[in-house]
Amino acid sequence: MFSLSGKVAIVTGGSRGIGRAVAEALAAQGARVVVTYIKGEAEARKVADGILERGGNAEVLGFDVADMKASEAAIADAAKRLGRLDILVANAGIAVDGLLLRVKEEEIDRVFAVNVKGALACARAATKVMMRARTGRVVFLSSVVGEMGNAGQAVYSASKAALLGLTKTLAREYASRGITVNAVTPGFIDTDMTTGLTPELKETMLKAVPLARTGRADEVAAAIAFLCSDEAGYITGQTLRVNGGMYV
């Protein structure tokens, strides 16, 4: 089950964290994975090399998702070169934390440029290819804070909430072309974004998780791999929560 053999997948921001785990999971199921990056070329190549060493198929592609023209050109070229594009996992994202009164305008602009405009740009480019094939899978990486909110994360939570509306709308727009669009909302996951938290803050956050532990990136990746499979063909416009019960 859940074989992705013969499929081509693009994972944005695939050089580390959840993006890396997603790239590895899709490749393990047989997909040819394009790992994208903006600055971390060395890290992206490590991910691709690791997949190749395990017998998978992967390559890297550098572009800024916030640049709509660059995103569309890069994805279109990759799809043409590889002959198809079946899966887009829009994972690339950044966070700027702080009370709204203290966040700078340029920080707000950058978060929305990457998290929202970037997702829109990549989805637009990918669905152009998928529409011709009349099949495809798009998965957006949102966040539990996009659903429940979190003090000190007004900008980040707003950007992630926007992806939920985008998911529902694109699901309706592309259903007739055989394209499914879903979102995944990870909770407190052990990644680079959370390793810098103080022990006190981690303890506070863990108290809000009924399973009483942080999640793993591979657990999020497994949920995404399922949504990208043929078996998930009747699921669209949905938000899959991977949060240990933090928000239900």
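**Contacts and overall fold**

In this predicted model, contacts between residues at least 6 apart in sequence were considered, and 74% of them join residues at least 24 apart. The points below describe the chain as a whole and then turn to one residue, T191.

**Architecture and dimensions**

- The protein chain contains nine helices and seven strands.
- Its C-alpha atoms fill a box of roughly 50 × 35 × 35 Å along the principal axes.
- The radius of gyration of the protein chain is 17 Å, which agrees with a compact globule, because a globule of 248 residues would have a value near 18 Å.

**Surface and burial**

- Of the 248 residues in the protein chain, 49% count as buried.
- The protein chain exposes about 11900 Å², and carbon and sulfur atoms supply 53% of this area.

**Charges**

- The protein chain carries 30 positive and 26 negative charges.
- The mean positions of these positive and negative charges lie 6 Å apart.

- T191 counts as buried because its relative accessible area is 13%, and the cut-off for buried is under 20%.
- When residues up to four places away in sequence are left out, T191 touches G17 and I18.

Key:
Residues numbered from 1 in each chain as written. Predicted model: local features only at pLDDT ≥ 70, side-chain atom pairs only at ≥ 80, totals over all residues. Heavy atoms only, no water. Helix = DSSP H or I, 4+ residues; strand = E, 2+ residues; numbered from the N terminus. Buried < 20%, exposed > 50% of the residue type's maximum accessible area, 1.4 Å probe, protein only. Contact = heavy atoms within 4.5 Å. Rg over C-alpha atoms; globule rule 2.2 N^0.38 Å. Areas by Shrake-Rupley, 256 points an atom, 1.4 Å probe, with all protein chains shown as cover. Lys, Arg positive; Asp, Glu negative; His and termini not counted. Charge placed at Lys NZ, Arg CZ, Asp CG, Glu CD.
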